[in-house]
Amino acid sequence: MTAGWALDHPDLAPELLALAAVRSLGPRAADWAAWHRAAYPAATPDGLARLATRRFVRLAGAGGAVATLAGLFAPVVELTAVLWAQANLVLHLAAAYGRDPADSERAVELLVLTRVRPDAQSARAALDAAERTRAERAATGRGSAGQATAGAPQAARAVWRLAAPLTGRPGGWLGVRVASRLLPGAAVLTVAAGDSAAAERLA
């Protein structure tokens, strides 16, 4: 259902996805932290944070490496893998430090930390708009066809904001393709290293 809301309101796609991530991944992050605290009573919040960081930095790198095998769909596959890893990282770090990873405030932090929104105030305002949009769509049972057909510029802006975690790579996918032609296997190493570094910076 989140996909439908995002298609009807592409300008709010990042916010809708952040809310969905908190609702679906947040409880798992809470269970992860609870299990580790029970299994390792002496574990500190910093220790749990380091454990979560190592896990999701590795997964971000692995997702980027797999994306290089997706051909023309590589940027989409990479974006999906990176967003999933980074959302998990933020929520697991919140759980490690005793914050509720399923709280809607985590969506605010997720949008700010991944540079989708510049500050908490604008993130909260956008999330409020996304919540209203979702409630309206749930009440009517369908979206607006006019919004779906007229939303191409908004969709482009949404995709650009979603890709914020990847914009730091010099040359983007064009640079990766050039590198892979010069040195076979370079694409896998380049993308994996870049996505791991992005997750490390986020942590």
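Q: What makes Arg-23 and Glu-131 a salt bridge?
A: Their side chains meet with N and O 2.8 Å apart, and a salt bridge is a side-chain nitrogen of Lys or Arg within 4 Å of a carboxyl oxygen of Asp or Glu, so the pair qualifies. Arg-23 lies in helix H2 and Glu-131 in helix H6, so the pair ties together parts 108 residues apart in sequence. Helices here are DSSP runs (H or I, at least four residues), numbered from the N terminus.

A word on the source: this is a predicted model, where local features need pLDDT of at least 70 and side-chain atom pairs count only at pLDDT 80 or more, while totals for chains, interfaces and linings use all residues. Residues are numbered from 1 along each chain as its sequence is written, and side-chain values use heavy atoms, with hydrogens and water left out.

Q: Why is Glu-15 called buried?
A: Buried means under 20% relative accessible area, exposed over 50%, and partly exposed in between (1.4 Å probe, protein chains only). Glu-15 has 0% relative accessibility, so Glu-15 counts as buried. Its side chain also meets that of Arg-117 in a salt bridge (2.8 Å, N to O).

Q: What is the phi of Arg-115?
A: Phi is near 65 degrees, a positive value in a residue other than glycine. Most residues other than glycine have a negative phi.

Methods. Helices (H or I, at least four residues) and strands (E, at least two) are DSSP runs, numbered from the N terminus.
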